[in-house]
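Me: I'd like to learn how to read charged pairs in a model like this one. Please start with how open a residue is, then move on to its partners.

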Amino acid sequence: EESKKREGTKKVEGGNMFLTPAEFEISKGFTGNKGKLPWPVDKGVIIEKFGVHQHPIERGVKTDNKGIDISTAKDAIVKPVFEGVVSVVITNPFGSKTIVIKHGQYLTVYTNLYALQVKKGDKVNTNTILGKVQFDTQNSIIHFEVWKEMQVENPENWLRK
């Protein structure tokens, strides 16, 4: 039964996933573009970096950012950084949305969106509009993550400088 499911798939080197040939090719393409991927928004500034940091206000409190936070223009358009398939769309209790895109063994996560233009199962590329960055009373901030299987990666290493 298990071997039937895996027929026609490849086990990724150093990974735990079995991928179809198409997913395998997308993974290779994603890996080959490390440091060259476009930003998810046209213009922005990283206001919180990846990793563990001292909280900006609370003394002795540390935060662990699984991605990066990019401050951008109000209603900024969000696009995928690479071709893939929308695998998850989540609405948080405050109404903003998160999209997860699968690129073979990689995932990219786009949080704090509204006015979505895609749904689960849609194929996307770097020209696809996912939605817009949600504006709170002062800021438009998109949270962006990159994962390789279950391992979080520093998105700054993937985006072009």
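**Reading charged pairs**

Reply: Start with Glu 25: its relative accessibility is 42%, so Glu 25 counts as partly exposed. That label sits between buried (under 20% relative accessible area) and exposed (over 50%), with a 1.4 Å probe and protein chains only. The model is predicted, so local features need pLDDT of at least 70 and side-chain atom pairs 80 or more, while totals for chains, interfaces and linings use all residues. Residues are numbered from 1 along each chain as its sequence is written, and side-chain values use heavy atoms, leaving out hydrogens and water.

Me: Which residue forms a salt bridge with Glu 25?

Reply: Side chains of opposite charge can pair when their charged atoms come close. We call it a salt bridge when a side-chain nitrogen of Lys or Arg is within 4 Å of a carboxyl oxygen of Asp or Glu. Here the partner is Lys 28, with the closest N and O atoms 3.7 Å apart. Lys 28 is partly exposed, at 47%. Both residues sit in helix α2, three residues apart, about one turn of the helix. (Helices are DSSP runs of H or I, at least four residues; strands are runs of E, at least two; numbering goes from the N terminus.)

Me: How many salt bridges does the structure hold?

Reply: Five. One of them joins Glu 23 and Lys 102, closest N and O atoms 3.2 Å apart. Glu 23 is in helix α2 (residues 21-32) and Lys 102 in strand β9 (residues 97-103), so this pair ties together parts 79 residues apart in sequence.
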